[in-house]
Amino acid sequence: MRRLLASIPTLLVLITLAFFMMRIAPGGPFDKERSLLPEIEAAINAAYHLDEPLWQQYLRYMGGLARGDLGPSFQYAGFSVTELIAQGFPVSLTIGLLSMLLALLVGGSAGIWAAMRQNRLGDWSVMTLSMAGISLPSYVIAPLMILLFAVTLHWLPAGGWEQGRYLDMLMPVLALALPQIAYIARLMRGSMIEVLRSNFIRTARAKGLPERQVILRHALKPAMMPILSFLGPTAAGVITGSVVIEQIFGIPGLGRYFVQAAINRDYTLVLGVVIFYGLLIVLFNFLVDLLYGALDPRVRVE
Amino acid sequence: MALLEVDNLEISFRTPEGELRAVNGLSLEVGAGEALGVVGESGSGKSQTAMAIMGLLARNATVRGRIRFDGQDLLGLKPAQMNRIRGAQIGMVFQDPMTSLNPYLTVGTQMAEVLVQHRGMNQVAGLAESARMLEAVRIPDAARRLSQYPHELSGGMRQRVMIAMTLLCRPRLLIADEPTTALDVTVQAQILELLGELRREFGVAVMLITHDLGIVGELCERTLVMYAGQLMESGPTAQLLSRPGHPYTRGLLDSRPALDSPLDVPLAAIPGTPPDLLRLPPGCPFQPRCPQAFEACSRRPAVVERPGGVLRACHAG
Ligand SMILES: Nc1ncnc2c1ncn2[C@@H]1O[C@H](COP(=O)(O)OP(=O)(O)OP(=O)(O)O)[C@@H](O)[C@H]1O
Ligand SMILES: [Mg+2]
């Protein structure tokens, strides 16, 4: 709990920085409408308080924030930022959680499998594959997948998002998961090899336990620790939506809102998403700490 | 037929620098209920000999020779068969009690799983039996200890737990690899005393590995002195301690702290260092450090039986 409170100043600094950096960048939210009459532009600016001095806008924004109000979107007239986030987040969350789950299961198992075959052919193949997985960015993988599964084989829709259509999720989830699978596999292999060298594993073997039990009961928990600390920030990033993946597959998630908001100088929406993202990181790190305590009795006691 | 028979054991490791020959033609026997001390300086191959018996050598190891336990050839066993012997018929206690127990599991979980594995007990029966065994190693308040984690116990207590854990299935052989080295002097004495008592109570044979000749005197009727993975001398402990025949045994005895000597007096360690196991000389491995070395010592001495049940590998007699 103290950790959660301690993160409030960090969040405040983040918000302040984001607020002023947005304003320093050239351009404004209504630049596109070139033919705007000066009076109309002035009226719009007044309506959104863009005519006030910057410090006053900042205070106004922070005041709203204190009441939980993220303000109106400049781009999507009639929508508040909170409403937009509430619309986009569930979509990103679904895809993100599914892909993290997939990454943990597949990457984790592959890492353990490789560790048990250290420096032999199986290990070597897993590590080569995962190296490829890490170095191939999703903006390369995603179009290739579309080309193969949608355009050539006609197995899956090329993109789009209709409520509850699982086929729509398949490719984005896979594309999002692949680099994570690769990363987790490497992480798991390294930490598992490290754990398997420890004295208590030697004891477990000396007790005559079968290898499966040595791994699952004695080695898995300690080997999970480095993965947990990787998972906290990564999961926060993934479930807030991958900008690239959502753009390529045409998914109406938070990530896509974020890009469009940034391009259009939708100040409040960008800030809102940044704050939301910051909150999630804090939350996930907190969850990871809780998990640490649940897994490691030595942490629990402190 | 002895309980454990090790015959001409050779262990070598593939390393980037070449073949490291840790054990070179070692033979030994441990009879049922007997206690054998295995003594030697660091690197003389004591632990690797034990690991070979347990079938736990590192993957870069090659073993040759024969290890027979209760008439069964251990080196020929499949992993699943070896798992039925390890922890059930042969138990092993390690040097470092602080790291030898799993920090993530309770004492009870770690103990009971041995009985579940080898005796097919259920968890409840396993825990009850574990509590009884904790009492047998003189741990007070045994039931409460079962739900504790290793970090909540002292080093001496953890080593008691380790010993209790290896005794759960009433093994016929207990290998203790420097079980007291990491502990306080007073705790050391307690653990050794406990081992002696348990040995009588359970009728278990003990192979006690140590580099301190003083320790074997209290527990082991026979002692084997090894150097560079070879037998130097073995025989009744009393005989080796009072009339050491091998210059190396004598060197070890001289480098022992006398019981009444102050702790800060440096020991008269044997001058020189053990040989490079990557480039073992063909002769007696102790020759370069031996005060009695002569020409013959550039050939490897045979192990010869002497009066009083002593085996010795030395050209000087
Ligand atoms: N996996 C391995 N690869 C290479 N060399 C090894 C390996 N394991 C052990 N050795 C070497 O084998 C030799 C014998 O080691 P061993 O552990 O048996 O010594 P020891 O007599 O138990 O010594 P200590 O008193 O220090 O425990 C040492 O030189 C050690 O470095
Ligand atoms: Mg050792």
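**Where the domains of chain B meet**

Modeller: In this predicted model, 18 residues of domain 1 of chain B are in contact with 13 residues of domain 2 of chain B. Domain 1 of chain B is made of 4–89, 172–257 and 268–312, while domain 2 covers 103–168. The C-alpha centres of these two domains of chain B lie 29 Å apart.

The size of an interface is often given as the accessible area lost when the parts come together. For domain 1 and domain 2 of chain B that buried area is about 1200 Å², with 68% of it on carbon and sulfur atoms.

Two salt bridges are found across the interface of domain 1 and domain 2 of chain B. The side chains of B:R138 and B:E197 form a salt bridge, with N and O 2.5 Å apart. On the side of domain 1 of chain B that touches domain 2, α2 (79–85) and α8 (185–202) each supply at least two residues. Of the elements on that side, α8(B) gives the most, with nine residues. Sorted by class, the side of domain 1 of chain B that touches domain 2 has 11 nonpolar, three polar and four charged residues.

Chain B also has a contact with chain A, to which each chain gives 26 residues. Chain A and chain B bury about 2300 Å² between them, and 55% of this is on carbon and sulfur atoms. In chain A, the residues that lose the most area to chain B are A:R202, A:K207 and A:R298, together 25% of what that side buries. The count of salt bridges between chain A and chain B is two. A:R217 forms a salt bridge with B:E113, where the closest N and O atoms are 3.1 Å apart. Across the interface of chain A and chain B there are 13 residue pairs in polar contact, again with both residues at pLDDT 80 or more. The side of chain A that touches chain B takes two or more residues from each of α8 (199–206), α9 (211–239) and α13 (297–301) of chain A. By class, this side of chain A has 10 nonpolar, six polar and 10 charged residues.

Definitions and conventions: Residues are numbered from 1 along each chain as its sequence is written. Chains are lettered from A and ligands numbered from 1 in the order in which they are written. This is a predicted model: local features need pLDDT of at least 70, side-chain atom pairs count only at pLDDT 80 or more; totals for chains, interfaces and linings use all residues. Side-chain values use heavy atoms; hydrogens and water are left out. Domain bounds come from an automatic or database domain assignment. Contact means heavy atoms within 4.5 Å. Buried area is the accessible area (1.4 Å probe) that two parts lose on being put together, summed over both. A salt bridge is a side-chain nitrogen of Lys or Arg within 4 Å of a carboxyl oxygen of Asp or Glu. Helices (H or I, at least four residues) and strands (E, at least two) are DSSP runs, numbered from the N terminus. Ala, Val, Leu, Ile, Met, Phe, Trp, Tyr, Cys and Pro count as nonpolar, Asp, Glu, Lys and Arg as charged, and the others, Gly among them, as polar. A polar contact is a pair of N or O atoms within 3.5 Å; within protein, one must be able to donate a hydrogen and the other to accept it, and residues adjacent in sequence count only if both atoms are side-chain atoms.
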